[in-house]
Amino acid sequence: MKAEGRVFKYGDNVDTDVIIPARYLNSSDPAELATHCMEDIDKEFVNKVQKGDIIVANKNFGCGSSREHAPIAIKAAGVSCVIAETFARIFYRNSINIGLPIIECPEAAKGIDAGDDVEVDFDSGMIYNKTKGTEFKGQAFPEFMQKIIKAEGLVNYINANTTK
Amino acid sequence: MGMTMTQKILAAAAGLEKVEAGQLIEAELDLVLGNDITSPVAIHEMDKMTVDTVFDKDKVALVMDHFIPNKDIKSAQHCKCVREFACKHDITNYFDVGEMGIEHALLPEKGLTVAGDVIIGADSHTCTYGALGAFSTGVGSTDMAAGMATGKAWFKVPSAIKFNIVGKPAKWVSGKDVILHIIGMIGVDGALYKSMEFTGEGIKNLSMDDRFTIANMAIEAGGKNGIFPVDDVAMTYMKEHSKREWKVFEADEDAVYDEEYTIDLSTLRPTIAFPHLPENTKTIDEITENVKIDQVVIGSCTNGRIDDLRIAAEILADNKVKKGIRCIVIPATQKIYLQAMEEGLLKIFIEAGAVVSTPTCGPCLGGYMGILAENERCVSTTNRNFVGRMGHVDSEIYLASPAVAAASAVTGKISSPEELGL
């Protein structure tokens with residue numbers, strides 16, 4: 001599985017309130033949430049984002065509220081992968097559980113700029129910055145999480161392992 | 001190598017003799033929690049599962065607290081979805097208007113969370129119950145759905161940071177100052193993926209409500225959970241509130257911690273987190289400028305308990321809210337509301353010029369009941385001061401204790417009660 005796209009770059013501690021402000025949490029419709037994705041940190045994001053694009057950020061991406069609406073909005077906006085130096089733990093779990101690919105890689109977070117064309121190979125964990133001609137090795141998922149990712153989320157994983 | 005308190009609870013819940021940091025385990029759950037924002041997403045996910053009943057109707061708690069009484073049609077639809085689910089599955093612990101309270105104040109009060117429990121909640125402040133010696137942590141809606149269906153959850157066993165609490169706090173210093181001080185010291189990701197284990201002789205000087213406040217904000221340092229030892233104060237609270245049996249776990253003497261800090265309560269000062277991160281802390285003495293404010297909020301899962309209201313009332317008893325300042329007081333549960341009424345606290349608030357609201361999370365997350373306009377500033381006893389958290393993207397939130405919040409309502413700027421001669 002691979003992803004390739006243009007990069008939107010953000011800094012430290014991007015919280016789930018700016019990813020999807022609570023004023024829109026009276027909806028749980030992914031398409032509607034996507035229209036407000038990143039609104040309080042980058043008003044132009046929803047106008048510019050194209051299917052396959054990649055978000056790159058520094059440390060503690062997705063901190064704050066446990067709202068699953070945050071990774072749902074990012075995924076529904078068309079983002080194919082989020083790369084960060086570190087992720088807040090609930091956002092990390094939520095992303096795996098809903099099937100939004102994420103990778104921790106401090107070197108990539110430093111070596112990738114906004115607008116770069118980046119390719120990610122999820123099987124090998126390799127991240128290629130095609131604009132700059134550089135490559136990075138991301139943190140591989142433990143086997144258990146890989147199973148959830150391969151099942152495309154926790155619900156499918158549980159269904160596959162439960163008999164009615 | 002010994003285990004931390006958290007590791008011992010997780011080992012027992014996973015049926016293992018021993019666990020170590022980094023190990024992936026599957027643990028049995030004692031309670032699965034959701035609210036009116038996160039539960040509809042979980043219910044939708046559960047609909048996709050082959051399992052069509054909840055694992056135990058007594059071990060699921062659904063608390064309508066964020067946008068209710070319904071703030072708009074969409075919120076009403078969400079609550080309706082949860083209400084119908086609760087009815088269909090005969091959920092014992094479903095709390096709607098009239099019975100509801102802010103979830104993390106309500107569940108301990110109802111006796112649903114006790115020492116030794118393993119609890120997940122689709123709300124980041126689920127870590128609050130660590131105050132009673134439980135392992136509790138926030139998750140998302142899909143984890144909640146899986147928890148409701150299977151009664152189990154997967155965890156990566158966390159390593160821990162130990163906070164050795166010593167000394168006794170001064171008059172206007174409370175749990176909020178302790179946790180803001182700690183977050184200021186270690187940062188908003190200082191405990192990322194880790195347990196924050198509080199220990200030491202100073203804990204006896206922290207009330208149960210102080211401990212709830214401290215454990216509640218472990219997530220604001222990135223922590224997986226915050227946890228306190230089970231002492232007489234905790235046992236008295238559980239005896240008063242719960243019929244359930246609890247189990248006391250203690251860290252091994254040779255438990256290994258990533259870091260250890262000593263917090264001397266006697267040296268702490270009223271502490272305020274400036275915009276836009278809980279780690280941007282200053283003590284009241286370090287604030288040299290006049291930070292003029294427009295609104296004060298006293299409430300939330302962090303600071304809406306009876307101790308918090310008593311402190312605020314003590315300050316507002318002989319003072320008035322400054323003209324032009326909106327002071328919103330929100331008792332966290334119906335029981336606290338009633339208690340505040342019986343103790344005469346509500347009268348004090350109203351006569352001082354504050355408004356008293358039914359329990360709701362509303363203003364804390366910019367939902368309703370106190371949204372900020374452009375360039376407005378709020379001193380709030382809530383837990384997050386992120387950009388736009390309480391309203392306009394160009395508004396500002398200053399996190400503080402109930403004492404500082406009440407004093408600031410009187411002066412119209414960030415103030416300590418000491419400024420009022422108290």
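Modeller: A:Glu152 is exposed, because 11 other C-beta atoms lie within 10 Å, where exposed stands for 12 or fewer such atoms, buried for 20 or more and partly exposed for what lies in between, with C-beta atoms placed from the backbone. This is a predicted model, in which local features need pLDDT of at least 70, side-chain atom pairs count only at pLDDT 80 or more, and totals for chains, interfaces and linings use all residues. Residues are numbered from 1 along each chain as its sequence is written, while chains are lettered from A and ligands numbered from 1 in the order of writing.

A:Glu152 sits in the loop of chain A between helix H7 (143–150) and helix H8 (154–160), helices being DSSP runs of H or I with at least four residues and strands runs of E with at least two, numbered from the N terminus. Its phi is near 60 degrees, a positive value in a residue other than glycine.

In chain B, the phi of B:Tyr193 is likewise positive, near 65 degrees, and B:Tyr193 is not a glycine either; this residue lies in the loop between helix H6 (175–186) and strand S9 (195–199), and it counts as partly exposed because it has 18 C-beta neighbours inside 10 Å.

Turning to omega, a cis peptide bond with a value of about -5 degrees links B:Ile68 to B:Pro69, and B:Pro69 belongs to the loop between strand S3 (60–63) and H3 of chain B. A cis bond with omega of about -5 degrees also joins B:Pro275 and B:His276, where B:His276 falls in the loop between strand S12 (271–273) and strand S13 (281–283).
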